[in-house]
Amino acid sequence: MNTQTTTVETSNSALPLAEQQVLVTGAARGLGAAISTAFLDAGANVVLNYHSSRQAANDLAARYPEQALAVQADVREAGQLKDLVRQAEEHFGKPLTTLVNNALVDFSFNGDARPKAGELSAADLSKQFTGSVLAPVAAIQAVLPNMRKAGFGRIINIGTNLFQHPVVPYHDYTATKAALLSLTRTFADDLGPEGITVNMVSGGLLRTTDASAATPEEVFDFIASGTPLRKVTSPAELADAVLFFASRWARGVTGQNLIVDGGLVKG
């Protein structure tokens, strides 16, 4: 009993942000770029994963030549993720400690273009499940050996407030993010004894990213009017919450879903 308590207390000690080795999936644009920049500004080393946005990833890495490494990988391919982790450890000389599952595969936030209830297909659901559930699980499994080697781990999944407030019919996206929240909680219980926390940050519509660029301005304005802050959350504001879960301030927090949407959704 005493040995177990000591192990947990030691493994829960926080690693300063400036000493963390971070992997952000889908890091080159939009929310991913905001999250990556926030970690870089805090002094962390960051692996900027990208799929097709090579120039954007390289441009961001060039702004932080000592801290950033841009690496191409399709997060849907477990083998590519494992190779990415190997490259990161070789480049920085330290194991990865922190993972942000942010990558969004082939999705546009345009409610008018999304399949309605009578049109939703198994292919729609399967495509999003691969990108929003299977890919994060593969990323977690790829970094786990590094986290165990470091004796420290922070996993932050990016979710959505749409399953609490389904104002637009993103059925496939919403369903798979709900599944990711479930895994966030079960993985938190599984990995907690090793000092690895697993949490989720859920935004609403963000103003503005490439994914939300197709959203009409009147929709942004309507959402803003319904929030206590009377504004739509920015990528930088959501990135702040991601850093919270990686920081020492959240060392006793795991299995949680923090909604960052200006107060639109309660709980």
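Select Arg248 and Trp249 to begin: the charged end of Arg248 sits over the ring of Trp249, 4.0 Å from its centre, where a charge sits over a ring if NZ of Lys or CZ of Arg is within 6 Å of the ring centre and within 35 degrees of the ring normal. The model is a predicted one, in which local features need pLDDT of at least 70 and side-chain atom pairs count only at pLDDT 80 or more, while totals for chains, interfaces and linings use all residues. Residues are numbered from 1 along each chain as its sequence is written, and side-chain values use heavy atoms, with hydrogens and water left out.

**The whole chain**

The C-alpha trace spans about 55 × 45 × 35 Å along its principal axes. For 267 residues a compact globule would have a radius of gyration near 18 Å, and the chain agrees, with 18 Å; the radius is taken over C-alpha atoms, and the globule rule is 2.2 Å times the number of residues to the power 0.38. Of the 267 residues, 51% count as buried, a class that means under 20% relative accessible area, with exposed over 50% and partly exposed in between (1.4 Å probe, protein chains only). Among contacts (heavy atoms within 4.5 Å) between residues at least 6 apart in sequence, 72% join residues at least 24 apart.

**The nonpolar cores**

Next select Ile35, Phe39, Val46, Val100, Ile158, Val201 and Val242, the residues with the most contacts inside the largest nonpolar core, which has 32 residues. Such a core is a set of buried Ala, Val, Leu, Ile, Met, Phe, Trp, Tyr and Cys residues joined through side-chain atoms within 4.5 Å. Elements that each supply at least two residues of this core include strand E1 (21-24), helix H2 (30-41), strand E5 (153-160) and helix H8 (235-246). Apart from this core lies another, of 30 residues, among them Leu23, Leu81, Leu99 and Val137.

Centre the view on Ile35, in helix H2, which is buried, with a relative accessible area of 0%. Leaving aside residues up to four places away in sequence, Ile35 touches Val24, Val100, Asn102, Ile158, Ala239, Val242 and Leu243. Val46, under the same exclusion of residues up to four places away in sequence, touches residues including Val22, Phe39, Leu69 and Phe92.

**Helix H8 and its phenylalanines**

Moving to H8, its 12 residues reach 17 Å from the first C-alpha to the last, close to the 16 Å expected at 1.5 Å a residue; the expected span is 1.5 Å times one less than the number of residues. Its buried residues are Pro235, Leu238, Ala239, Ala241, Val242, Leu243, Phe245 and Ala246, and what covers them includes H2, strand E4 (98-101), E5, strand E6 (196-203) and strand E7 (257-260).

Now select Phe244 and Phe245. Rings of Phe, Tyr and Trp (its six-membered ring) pair if their centres lie within 6.5 Å, and planes under 30 degrees apart count as stacked, over 60 as edge-to-face and the rest as tilted; by this rule the count comes to 1 aromatic pair. The rings of Phe244 and Phe245 have centres 5.3 Å apart and planes at 50°, so this pair is tilted. Phe244 is partly exposed at 32% relative accessibility, whereas Phe245 is buried at 2%.

**Helices H6 and H5**

Select helix H6 (residues 171-191), whose end C-alpha atoms are 30 Å apart, in agreement with the 30 Å that its 21 residues should span at 1.5 Å a residue. The buried residues of H6, including Tyr173, Thr176, Lys177, Leu180 and Phe187, pack against helix H5 (122-150), E5, E6 and E7. From the H5 side, select Ser132, which is buried, with a relative accessible area of 2%; it touches Thr176, Lys177 and Leu180, not counting residues up to four places away in sequence.

**Stops in the loops**

A cis peptide bond joins Arg207 and Thr208, with omega about 0°, and Thr208 is in the loop between E6 and helix H7 (217-225). Arg230, in the loop between H7 and H8, has a positive phi of about 55° although it is not a glycine, and is exposed, with a relative accessible area of 58%.

Technical notes. Helix = DSSP H or I, 4+ residues; strand = E, 2+ residues; numbered from the N terminus.
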